[in-house]
Amino acid sequence: MTSRIIGTGSYVPARVVTNDELAQIVDTSDEWISGRTGIHKRRIAVEESTGYMAAEAARRALENAGITAEELELILVGTTTGEHCFPSVACEVQGEIGAVNAVAYDISAACSGFLFAMDTLQAFIRAGVYKTGLVIGADCLSKLIDWEDRGTCVLFGDGAGAAVMRAEDFGLIHTVMGSDGERGNVLSCVARTNGSFVDKRTPQLGYVYMDGQEVFKFAVKKVPECIRQVLDESGTDIEQIKYFVLHQANYRIVEAVAKRLKQPMDKFPMNMERYGNTSAATVPILLDEMNREGKLEPGDRIVLSGFGAGLTWGAALLEW
Ligand code: ACO
């Protein structure tokens, strides 16, 4: 028994912010941003919260799966940008969509959040605890960005993606996950837990800090490694893989991974040019687009891979 994705959904805010618009705020240019990252524009939440986007993506995934919210037994949201420390985004989603029979909680693994949530749901399904669940990757990084820091503010966008998973005989074949807490300092954001009774400090929310080159080196090493591991451990030949659906941080990272895996670029779909890096949402948004465009056919083998702060990384091999 394993679990299979039976429906996908996604939501991105309506507000489009182009590179040219950002060039009016910080000292940058469309040429610099698109040349270094592949990003041309992104969607930025104006009214929407992470919970709102996650619930919208969830509704669309349920509709795509053809099941009701009451059938869900577990809702996991990979996110680091909930509006509240508590309740969780997953509980907000549960309340919004009326998933009255579901247990709901968040998973904090930054850009790897969707992969980690999927792996957790898979473990419950394999153990026979649950049969039907919903995994979501949702983030609103625009709320954690220093809009005066050109090194980070050009990279991110907001959005949410979701997948309904159900116990079946085929689907997820194998997953691998990893973490390296010793290198957490290369990509971080201080939470509002830095107040102090002793010196009467008021808690303040930090901004995203990133050592871009260290993150780049980490990604181009770890992503091919974990993809090879998920293939080797499941006895799968890389030539059997139709698509590698990677976290959409930067097209140069995707290119470097393709090169290291000796695979052609047309196996690496991308949409970061339209959405930027939506953190935990990149993989499920891209997967939903591919699903709705009819790019995925029964029997296709695909690899999903996420990587991000923690440091964290993971890969999942599945049959569509
Ligand atoms: N516009 C113009 N110039 C800029 C900008 C900008 N938006 N940002 C930085 N620069 C300047 C820097 O100030 C620096 O100027 P200097 O040489 O005068 O000091 C110069 O460009 C080079 O800066 P670097 O940081 O060395 O630029 P780099 O070539 O490394 O590119 C980038 C930066 C694109 C972030 C790169 O490091 C990268 O791709 N890193 C991967 C990390 C990533 O994609 N993170 C996404 C989020 S994390 C995740 O999702 C896992």
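**View 1. Ala110 in the loop between strand E5 and helix H5 of the predicted model.** The loop that holds Ala110 runs between strand E5 (103-107) and helix H5 (113-126). Ala110 is not a glycine, yet its phi is positive, at about 50°. Most residues other than glycine have a negative phi. The relative accessibility of Ala110 is 12%. Buried means under 20%, so Ala110 counts as buried.

**View 2. Lys262 in the loop between helix H8 and helix H9.** Helix H8 (251-261) and helix H9 (272-275) are the elements on either side of this loop. Lys262, again not a glycine, has a positive phi of about 55°. With a relative accessibility of 71%, and exposed meaning over 50%, Lys262 therefore counts as exposed.

**View 3. The cis peptide bond between Phe86 and Pro87.** Omega for the bond that joins Phe86 and Pro87 is about 0°. Most peptide bonds are trans. Pro87 is located in the loop between strand E4 (74-78) and helix H4 (89-97).

**View 4. The cis peptide bond from Gly310 to Leu311.** Here omega is near -5° for the bond that runs from Gly310 to Leu311. Leu311 sits in the loop between two strands, E12 (301-308) and E13 (312-319).

Methods
Residues are numbered from 1 along each chain as its sequence is written. This is a predicted model: local features need pLDDT of at least 70, side-chain atom pairs count only at pLDDT 80 or more; totals for chains, interfaces and linings use all residues. Side-chain values use heavy atoms; hydrogens and water are left out. Helices (H or I, at least four residues) and strands (E, at least two) are DSSP runs, numbered from the N terminus. Buried means under 20% relative accessible area, exposed over 50%, partly exposed in between (1.4 Å probe, protein chains only).
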